[in-house]
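Me: I have a structure to go through and have not looked at it before. Can you take me through the cavities and the aromatic rings?

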Amino acid sequence: MTFSPVHSLHHIQTSASEVRHIDPNHNLGDVELLHQIGYKQELRRHYSTIQVFGIAFSIMGLLPSIASTFSMGIPSGPAGLVWGWFIASFFIFCVGLSMSFLGSAIPTSGGLYYYTNYYCPDSFRVPLSFMIGCSNSLGLTGAICSISYGFATEVLSAVSVSKDNNFDVTNAKAYGVFAACIVSNVVIASLTTKHAAKFQSVSICVNVFLVLLFIIAVPAGFGRHNSFNDRGFIFGKFENFREWPIGWSAVMSFNTAIWTIGSFDSVIHCSEEALNAQRSIPVGILGSISACWFLGWVVIVVCAACIKDGNVARIIATETGSPLAQIIYDALGKKWTVAFMALICVGQYFMAISCMIALSRQVWSFARDDGLPGVYKWVKYIDPKIKVPVRATIFAGICALVIGCLCIIPGTAGSGALFSLAIASNNLAWGMPVFLVLLPYGRKKFIPGPFHFGHIISNIINTITVLYIVFAIVMCMFPENRTVDKDSMNYTCVINGAVWVLSLVYYYAWAWRTYTGPKSNLDGTESDENSIRNVDEVLGEKA
């Protein structure tokens with residue numbers, strides 16, 4: 001692993017006399033580096049390394065996310081759930097490594113569409129980066145929708161448990177809670193960066209507390225009246241409650257980990273508010289993935305051990321609407337289950353706020369480069385006093401409310417699309433720049449940042465990342481069962497396919513007039529004006 005004291009971007013200026021020293025002070029160094037990338041500092045930098053970690057860790061929201069996605073993993077039995085989590089987490093960690101290489105090299109909020117534009121050959125870099133910008137924006141919007149919908153179902157599940165399941169949970173009620181969550185998220189995410197940074201520290205504590213409480217209280221309560229399931233059941237009992245063959249059913253159980261340990265690109269989108277961004281980005285991405293990988297596996301094992309009488313079918317068909325709520329109910333009883341689900345709802349709500357912050361930064365950065373059709377001029381405005389992208393946050397909230405209407409569709413098809421929507425769109429956005437860096441043109445242009453493993457090992461990791469992402473995109477578009485109708489169809493392929501195709505169609509029809517790829521917004525008022533260069537000059541070919 002290679003760590004260099006100063007990032008190499010400032011060594012590739014075309015004139016040696018214009019090479020600039022990056023001050024070791026975090027604030028000045030980050031601002032200077034951002035100028036070299038081609039942007040002026042418009043947001044305040046308040047995120048420490050632990051708070052950068054908190055951005056991704058909060059969005060993952062381990063226990064709340066498992067509560068929302070447990071039903072995706074358990075249909076292949078306890079062993080399918082347990083090993084599906086562990087194997088999927090390994091591949092997700094590889095993706096995180098690839099993202100860390102990119103983020104450490106060029107820390108900018110534009111992130112993935114910026115990298116796509118930079119590492120792609122000139123002939124199609126602009127339309128491809130436009131498509132990736134749209135896909136990443138849609139993916140994060142899908143993430144905030146699925147998180148907020150998970151919050152809604154958990155709230156309603158808690159109400160159902162408190163009323164002894166004499167409560168009708170409808171899609172309309174779920175959308176009402178969902179909408180209230182989104183609107184309040186927009187308000188909170190519009191706070192100053194300083195307050196948002198402190199919020200991440202609180203969110204870390206809440207999520208860790210929830211995990212510790214679960215792995216202590218649930219086994220303690222369950223063991224008083226029941227016998228734990230043995231190791232053979234936990235690690236070797238495969239069952240199949242899908243119409244697919246057991247092998248593919250077990251693979252589809254990867255979705256619990258894939259959805260939970262996701263949106264770690266949020267760290268990159270908040271990099272222009274981070275202190276010592278080149279080093280804090282890898283810590284934030286890899287630290288959050290590692291924590292969720294191992295802590296989540298412990299939670300999953302505890303869940304498998306505490307399935308009452310080993311009856312998986314019973315918890316899948318639970319009247320509470322949440323298999324995890326049923327496991328907690330069997331262990332702790334009604335009152336403690338309601339209290340526990342309430343705490344999980346709090347953690348899920350914190351996830352939604354963190355995701356809204358990341359989404360607003362992605363939307364704002366894309367608009368800054370004139371990427372949002374028709375509204376970029378309004379969205380990219382930053383109030384010079386508060387330095388928070390309020391308009392981008394409002395726009396993101398409106399988009400989430402519209403896409404969230406999917407959960408009103410009868411059955412589970414619409415809500416399922418919300419979850420897999422985030423997986424497909426974000427995976428494409430993660431995978432494209434990594435794939436381009438593996439190609440000769442991108443490999444020539446890639447100059448490592450402080451976090452890198454050397455060309456050979458890094459290329460191996462990037463290859464694993466690309467192969468896994470192709471697999472994950474295909475897998476998440478499969479319907480839950482072979483028999484498909486309008487209520488059980490997986491609409492992810494329709495929505496994502498439409499966005500990917502229409503974004504390219506729109507680019508060639510109109511957007512090419514305004515979107516020319518990431519472009520410098522330096523206006524000559526920054527320090528050391530004579531050394532300012534445009535993005536293509538600063539991020540030029542390796543000397």
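Predicted model: local features only at pLDDT ≥ 70, side-chain atom pairs only at ≥ 80, totals over all residues.

Me: Which residues lie nearest the centre of the largest cavity?

Reply: Ile258, Trp259, Gly262, Ser263 and Ala422, out of 17 lining residues. The elements that give two or more residues to this lining are α2 (49–60), α6 (125–162), α11 (255–260) and α18 (413–438).

Me: Which one gives the most?

Reply: Helix α18, with five residues.

Me: And how does the lining of the largest cavity divide into nonpolar, polar and charged?

Reply: There are 10 nonpolar residues, seven polar and no charged.

Me: OK, now the second largest cavity. What is it lined by?

Reply: Its lining is made of Phe101, Val437, Arg443, Phe446, His452, His455, Ser458, Asn459 and Asn462. Helix α20 (residues 455–476) supplies the largest share, four residues. By type, three of the lining residues are nonpolar, five are polar and one is charged.

Me: Switching to rings. How many aromatic pairs does the structure hold?

Reply: It holds 33. One of them joins tryptophan 83 and phenylalanine 86, whose ring centres are 6.4 Å apart; the planes are at 80 degrees, so this pair is edge-to-face.

Me: Where do tryptophan 83 and phenylalanine 86 lie?

Reply: Both are in helix α4 (residues 77–105), three residues apart, which is about one turn of the helix.

Me: What about tryptophan 293 and phenylalanine 294, stacked or edge-to-face?

Reply: They are stacked, with 4.8 Å from centre to centre and 15 degrees between the planes. Tryptophan 293 has a relative accessible area of 10%, so it counts as buried. Phenylalanine 294 has 45% and is partly exposed.

Me: Which aromatic cluster do these rings belong to?

Reply: Trp83, Phe86, Trp293 and Phe294 belong to one cluster, which also includes Phe93, Phe235 and Trp297.

Me: Last one: what lies over the face of tyrosine 39?

Reply: Arginine 368 does, at 3.7 Å from the ring centre.

Key
Residues numbered from 1 in each chain as written. Heavy atoms only, no water. 1 Å grid on protein atoms, 1.4 Å probe; cavity = no way out; pocket = protein on both sides within 12 Å on 5 of 7 lines; lining within 4 Å. Nonpolar A, V, L, I, M, F, W, Y, C, P; charged D, E, K, R; others polar. Phe/Tyr/Trp six-rings, centres within 6.5 Å; stacked < 30°, edge-to-face > 60°. Buried < 20%, exposed > 50% of the residue type's maximum accessible area, 1.4 Å probe, protein only. Lys NZ or Arg CZ within 6 Å of the ring centre and 35° of its normal.
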